[in-house]
Amino acid sequence: MAQVVRSPKLYDVCIIGSGAAGGTAAKVLTEGGLNVVMLEAGPPLNPEKDFKEHVWPYQLPHRGVGVGGEFRHELGDEFMAPNGAWEIEGEPYTSAPGSQFYWFRSRIVGGRTNHWGRIALRFAPVDFRARSTDGMGDDWPITYEEVSPYYDKVESYIGVFGTKENIPSAPDGIFLPPPPPRCTETIIKKSCDKLNIHCVPSRMAILTKPLNGRAACHYCAQCGRGCITASNFSSSQIMIPPAQATGRFTLITGAMAREIVVGKDGKAESVAYIDKATRSEKRVHARAFMVAASACESARLLLNSHSTLFPDGLANSSGAVGRYLTDSVGSSAGGYFPQLEKMPPHNHDGTGGMHLYMPWWRYDRKNDFLRGYHIEFGGGREMPGVGEFDRICKEHEGYGASLKQHCRSRYGTYIGFAGRGEMIPNEHSYCDIDPNTVDQWGIPVLRFHWQWSDNEINMAKDMQETFRSIVETAGGTFISRAKPDGAHPYGIQDGGVIIHELGTARMGNNPKTSVLNKHCQAHDVDNIFVTDAAAFVTNPDKNPTLTIMALSWRASEYLLDQAKKGSL
Ligand SMILES: Cc1cc2nc3c(=O)[nH]c(=O)nc-3n(C[C@H](O)[C@H](O)[C@H](O)COP(=O)(O)OP(=O)(O)OC[C@H]3O[C@@H](n4cnc5c(N)ncnc54)[C@H](O)[C@@H]3O)c2cc1C
Ligand code: SF4
């Protein structure tokens, strides 16, 4: 049996995970005066060395796609910020028979905030009271008004660009000026104007002006590779350094939390973790614990922390840990725009992402489905991505000069659209512990169960119809592989693919049906907080990370307040 090494030190708080949730908690708690230790499963990050923001394809072997093009799939080339992947060697997860779920994980300081698209949207007031509005799902135990001051704090600190639009489904925030629309975005906006679809400046966590000592974006459009100047948001560059500067922060990397250990009094007292370098088990002790390992990892940790007092997993007397799992509804299509072939060469540089987007616009009428979706889009003369000309090569007969000429004329003429919509939790979509599989550290892994309902499929259908209208109104040719039937009706993506998985330890006023109270504090164990998207009650059409940070900030201030009152 592995020897257990115990650390004699007692920290005020132990945070598990250094992504959006963990990084925010680290900053707020240490600046508030608490001594914090953070366990992070991945290695440290060195932006100068690890980010390939300005690397050219010819500087990497195989132009970045690996031997035989092995990384030639979405999110998988060698340019991307490190240690994020759909599959991690030695750390599997499984899908139950009949279910298909994909789980993108990042094992590195900053987690997936090194990789994210930086789309930073507030939830709307109605998103917090879903059940009261249409009778489905549940209401949050908090309102928009309670979260709004924390959105203000996060936006003011990290920097988000956008414009005030007064659209009910997309509340305005504290914004930096947006970058101007590019030629492709102007074409699409004109089409949306004709169709009465809102098309407004996007809201992204990218600096268009210097902020808090960080330089403004220099428009290299490569955010997914990481940003050496920290002009976009990552927890590794924006949240962890201020925590370190307090002198009250201990970061332990390569530390895979296995179990939260509970004392006889029913309070959590330590975390048992695997020190990956030595493969030995160690422990850290703290007065309180912030579980922030990402929604499904946090559920896994709670479920694996069972004891005599908590036989079904820690903080799980409700049985809700792992349940209510949702992801965004995603469906995509695109268009070929012949007018772009004639466009003279011009500078298409911009931020690493869209400058305009379409917030949900049909909130004031009855639709064929409940809730709503927003549309993200992009294209034009961006730096060609890996495999960009594959389709043209397949379609075009011939090779050499004629193929090259064909690629040149088609370059920049495609604009892609992606719908991101709300999934309503259902009893068939959840994760639990796979009784038959452990990872390389001997820790039982998650098993995913997944099913879309008709509501989501109807939404995907509507997305496809909308994309077609926008493309054709703009004079383009609609291109979509979506079919009404089969495994992906109307192009609906498999569960997890949109990487907005959440809800697995939801908050609520009723301890029988929820895991956390409105401060992200476990009903069953009051010195445990879960501050990532596991706490979410609904998964509205907005990407979740801004809300993760707002809730983690709010929970951290509550914990600081408790500490001041001597209740830690
Ligand atoms: C390509 C991509 C694009 C995205 N685009 C957007 C977007 O535009 N807008 C948006 O809102 N969201 C987006 N997301 C989602 C966003 O990245 C996540 O919502 C966000 O990072 C979640 O934050 P988190 O702190 O919960 O988890 P993570 O950022 O995943 O961080 C969790 C950390 O915990 C560590 N960890 C896990 N298990 C353990 C353990 N047992 N012990 C110790 N440490 C552990 C991990 O190593 C990781 O560092 C995107 C994600 C990806 C990958
Ligand atoms: S586009 Fe801007 S924010 Fe993104 S990587 Fe380049 S400089 Fe950084």
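Colleague: Which domains does the domain assignment give for the protein chain?

Modeller: The assignment, which is automatic or taken from a database, gives domain 1 (9–43 + 107–158 + 237–327 + 501–568) and domain 2 (161–232 + 329–421 + 451–493). This is a predicted model, in which local features need pLDDT of at least 70 and side-chain atom pairs count only at pLDDT 80 or more, while totals for chains, interfaces and linings use all residues. Residues are numbered from 1 along each chain as its sequence is written, and chains are lettered from A and ligands numbered from 1 in the order in which they are written.

Colleague: How many residues of domain 1 are in contact with domain 2?

Modeller: 20 residues of domain 1 are in contact with 25 residues of domain 2; contact requires C-beta atoms, placed from the backbone, within 7 Å. On the domain 1 side, H4 provides the largest share, 5 residues.

Colleague: Where is Phe 175 placed?

Modeller: Phe 175 is in the loop between helix H4 (144–158) and helix H5 (183–195). Helices are DSSP runs (H or I, at least four residues), numbered from the N terminus.

Colleague: Why does Phe 175 count as partly exposed?

Modeller: Phe 175 counts as partly exposed because it has 17 C-beta neighbours inside 10 Å. A residue is buried with 20 or more other C-beta atoms within 10 Å of its own, exposed with 12 or fewer, and partly exposed in between, with C-beta atoms placed from the backbone.

Colleague: Which residues come nearest to ligand 2?

Modeller: Of the 15 residues around ligand 2, the nearest are Cys 217, Cys 220, Cys 223, Cys 227 and Asn 232. A residue belongs there if its C-beta atom, placed from the backbone, lies within 6 Å of the molecule.

How values were computed: Helix = DSSP H or I, 4+ residues; strand = E, 2+ residues; numbered from the N terminus. Contact = placed C-beta atoms within 7 Å.
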